[in-house]
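User: I would like to go through this model by question and answer. Please give the cut-off for each term when it comes up.

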Amino acid sequence: MLGVYYTYNHENCTYQADFYSRKRVLNIFLMLTFVALVSASGTWMILRELYPTADEARLEGENKHQRTIFTGILESLNNQEKALSYLESADEKHYRVVLNLEPIDKEIRRLGVGGNTTTNSFSGKVIPEINEAYNHFRHLKSRLGLEQQSYQEIIQKAEETAIMLQSRPAMQPIEERKLTNFHPAFGMRVHPVFGDYRFHHGLDLTADSGTPVYATGDGIVSTADYRGGYGKAVFIDHGFGFESRYAHLSRYIVSKGDRIKRGQLIGYVGNTGISTAPHLHYEVLFKEKWVNPIHFMYRSLSQQALLN
C-alpha cells in the first residue's frame, strides 16, 4: 500500500477509503512526465523563436543586408530601364525621323539583340525574385545592345548628312551687296543673243566685272577651262549627286582636281563666252539634271552664317 485516498459514495452518502496501487502511481508519473516534456518543448520553441542563437542572429543580419542590396539592384534596374526607354523614344520619334532612317520593327525593339532572353540558366532551387531580376537584366542587356547598334547607325548617318549639307550648294555665289541685278529666270525664256525661245538652265547674277565669285559648297573642281558658250567657267562636283557651274568669268584661280571649301574664292565676274554684259551665269545640277538654283540660295542668311 503506497497511499490512501477517499472517494464519495452517493448511495450511502459516505466517504470510502481507497488505496494507490504501484501501477496507478506509475501511470500518473508517466503522464506528468509527458506533460512536463511537452511544456518544456513548447517553451523551448517559443524561446528559440524569440531569442535566436548567435549564429542564427548573424545569418539573419546577413540576409537582411543582402535583401537591402538586392532591393537597391532592382531599383537601379528600373531606373536604367526608364533611361533606356527614353533613349528608344528619342531614337524612334526624333533622330530616325530627322535623318530619314527606317524605323525599327516594334517586335525587334521589344526583344532586343539575340531575341527572346527570358529563360535563365540557373540550376536547382532559386528564389523567384532572383530569377525575375536576372531575366530583367538579360532583357535590358538585349535592348541596350540593339539601341547601341541603332545609335551607331544614327551617328554614321548624321556624319554623312553633315558632310552632305556642307557639300551641297547652299549660298549665293556673289555677295548680296555687290549685286547690281538679280535675274531669277530659270526655265523657258527669249535668249538675249539669239532672240529665240529656249530653256535657260541657270540664274544670272549681274555685278561689275572683277567682282569675286565664291564656291557655294565643298567639293572638287571638275572643270576650270574655257567652255564654249560658258566662256571661262568653273564646274564643281559636290558629291551626293550635286554639281554647280559658274560661267562667263573674267578669270578663275582654281584648277581641275582642287578641293574647294564653301565660301572659297574661285574666280571673278566677267563677260566671256556668249554674253551681253558682265554677269555670272550660275547653274546647279542634281543627278545630272538641271534644277532651279534659287532653291539652293539661302539669301535670308549672311554669307558668314552660311560659312559657319
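User: Does Glu243 count as buried or exposed, and at what relative accessibility?
Analyst: This is a predicted model, in which local features need pLDDT of at least 70 and side-chain atom pairs count only at pLDDT 80 or more, while totals for chains, interfaces and linings use all residues. Residues are numbered from 1 along each chain as its sequence is written, and side-chain values use heavy atoms, with hydrogens and water left out. Buried means under 20% relative accessible area, exposed over 50%, and partly exposed in between (1.4 Å probe, protein chains only). Glu243 therefore counts as buried, at 18%.

User: Which residue meets the side chain of Glu243 in a salt bridge?
Analyst: A salt bridge is a side-chain nitrogen of Lys or Arg within 4 Å of a carboxyl oxygen of Asp or Glu. Glu243 is found in strand E10 (residues 242-252); helices (H or I, at least four residues) and strands (E, at least two) are DSSP runs, numbered from the N terminus. At 3.4 Å, N to O, the partner in the salt bridge is Arg245.

User: Is Arg245 buried or exposed?
Analyst: The cut-off for buried is under 20% relative accessible area. Arg245 has a relative accessible area of 14%, so Arg245 is buried.

User: Which residues does Glu243 contact, leaving aside its neighbours within four places in sequence?
Analyst: Contact means heavy atoms within 4.5 Å. With those neighbours left aside, the residues in contact with Glu243 are Ser222, Phe235, Ile236, His238, Glu283, Val284 and Leu285.

User: How many residues apart in sequence are the parts that Glu81 and Arg143 tie together?
Analyst: Glu81 and Arg143 form a salt bridge, with the closest N and O atoms 3.2 Å apart. Glu81 lies in helix H2 (residues 54-98) and Arg143 in helix H4 (residues 128-167), so the parts tied together are apart in sequence by 62 residues.

User: Which residue is linked with Glu81 and Arg143 in a network of salt bridges?
Analyst: Glu81 counts as partly exposed at 26% relative accessibility, whereas Arg143 counts as buried at 8%. The residue linked with Glu81 and Arg143 in the network is Glu88.

User: How many salt bridges does the count come to?
Analyst: Glu175 forms one with Lys178, where the closest N and O atoms are 4.0 Å apart. Glu175 is buried, with a relative accessible area of 18%, and Lys178 is partly exposed, with 30%. The count of salt bridges comes to nine.

User: What is the volume of the largest pocket?
Analyst: On a 1 Å grid over the protein atoms alone, a pocket is an open set of points where a 1.4 Å probe fits, with protein on both sides within 12 Å along at least five of seven lines. Grid points are joined across faces, edges and corners, and a volume is the space filled by probe spheres set on the points. For the largest pocket the volume is about 550 Å³.

User: Which residues lining the largest pocket are the closest to its centre?
Analyst: Lining residues have an atom within 4 Å of a point. Of the 25 residues that line the largest pocket, the closest to its centre are Arg189, His191, His200, His248 and Ile274.

User: Where is Glu288, which has a positive phi although it is not a glycine?
Analyst: The phi of Glu288 is about 65°. Glu288 is exposed, with a relative accessible area of 73%. Its place is in the loop between E13 and E14.
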